[in-house]
Amino acid sequence: MRKGCSAFILAVTVWATLCIAVKEAFSYEVNGLHPINPVFSYDPTGSNIDAGALVAEGVNAWNDITRSLTVRLTSASGAANLCDTGKLDGYNTISWGYNTLGYLAITCWNLRTGECDILISPNYEPADLRQIVAHEIGHCLGLNHSADSNALMWPTVPLNAPPVLLPQADDRNGVCAIYGGCYRAYTSVSYDN
Ligand SMILES: [Zn+2]
């Protein structure tokens with residue numbers, strides 16, 4: 001579903017104004033709210049490198065804009081992955097394995113429970129692992145692909161350009177739309193005295 005203005009449908013004038021205002025600004029597609037547990041686990045089995053730190057960086061790329069969700073990583077092993085076993089186990093798992101589609105990674109989620117599992121191909125190089133994980137986490141958060149080639153949710157990875165490591169404006173707008181607002185991390189705080 002493309003970003004729409006259905007929330008304003010009862011106020012036609014406002015609806016029209018807002019739709020014109022956002023017409024060119026949003027190109028993400030919303031795949032639906034995924035009421036996931038905000039914790040992802042990483043299973044290193046099958047990885048030919050010590051990739052945990054890069055996986056964590058990809059997961060945490062969303063930390064500063066998810067409001068009710070705080071995407072963070074814990075280590076785990078042996079957890080079931082919906083993408084390769086089809087099993088629900090209650091954990092959001094990032095693990096390694098080939099997929100028959102030949103994609104860099106695939107994300108599988110269960111709408112009923114919200115469990116979201118990511119399977120990364122060991123043949124992901126020369127793409128940047130951090131970008132792959134951050135993109136797939138975007139799917140877990142409810143985003144589909146974007147029509148904006150600058151977006152993290154653009155469906156392909158151009159290898160002749162610097163990797164996109166953080167959610168871009170279109171991605172951020174998508175998550176904010178899904179969750180009804182954006183949490184933005186404070187870079188500094190001040191106290192009363
Ligand atoms: Zn994708």
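This is a predicted model: local features need pLDDT of at least 70, side-chain atom pairs count only at pLDDT 80 or more; totals for chains, interfaces and linings use all residues.
Student: How many residues of α3 are buried?

Tutor: The helix is mostly covered, with 12 of its 12 residues buried.

Student: What span is expected for α3, and what does it reach?

Tutor: The expected span is 1.5 Å times one less than the number of residues. From first C-alpha to last, α3 reaches 17 Å, close to the expected 16 Å. Just after this helix, G142 takes a positive phi of about 110°.

Student: Now α2: where around the helix do its buried residues fall?

Tutor: An α-helix has 3.6 residues a turn, so residues three or four places apart point the same way. In α2 (residues 52–60), the buried ones are V55, G58 and V59. They line one face of the helix, because they fall within an arc of 100° seen down the axis; the arc is that of the directions from the helix axis to the C-beta atoms. Their cover includes β1 (39–42), β2, β3 and α3 (129–140).

Student: In what order do the strands form the sheet?

Tutor: Strands of a sheet pair through backbone hydrogen bonds, either parallel or antiparallel. Two strands count as paired if DSSP finds at least two bridges between them. Here 5 strands form an open sheet, β2-β1-β3-β5-β4, with mixed pairing. The edges are β2 and β4 (105–109), each pairing on one side only. β1 and β2 run parallel over 4 bridges, and S41 has T74 as its bridge partner in β2.

Student: At what angle does α2 run to β2?

Tutor: Axes are lines fitted to C-alpha atoms, for helices over the stretch in contact, and angles run from 0 to 180 degrees between N-to-C directions. α2 lies across β1, β2 and β3, at about 150° to β2. α3 also packs on the sheet, touching β3, β4 and β5 (116–120), and its direction makes about 20° with that of β4.

Student: Which residues have the most contacts inside the largest nonpolar core?

Tutor: In soluble globular proteins, nonpolar side chains tend to be buried together. A nonpolar core is a set of buried Ala, Val, Leu, Ile, Met, Phe, Trp, Tyr and Cys residues joined through C-beta atoms within 7 Å. The largest one here has 35 residues, and V55, V59, I94, I120, V133 and I137 have the most contacts inside it. α3 gives the most to this core, with 6 residues. Not counting residues up to four places away in sequence, I137 touches G58, V59, W62 and V71.

Student: Is A79 buried or partly exposed?

Tutor: A79 counts as partly exposed because it has 19 C-beta neighbours inside 10 Å. It lies in the loop between β2 (72–75) and β3 (92–96).

Conventions:
Residues are numbered from 1 along each chain as its sequence is written. Helices (H or I, at least four residues) and strands (E, at least two) are DSSP runs, numbered from the N terminus. A residue is buried if 20 or more other C-beta atoms lie within 10 Å of its own, exposed if 12 or fewer, and partly exposed in between; C-beta atoms are placed from the backbone. Two residues are in contact if their C-beta atoms, placed from the backbone, lie within 7 Å.
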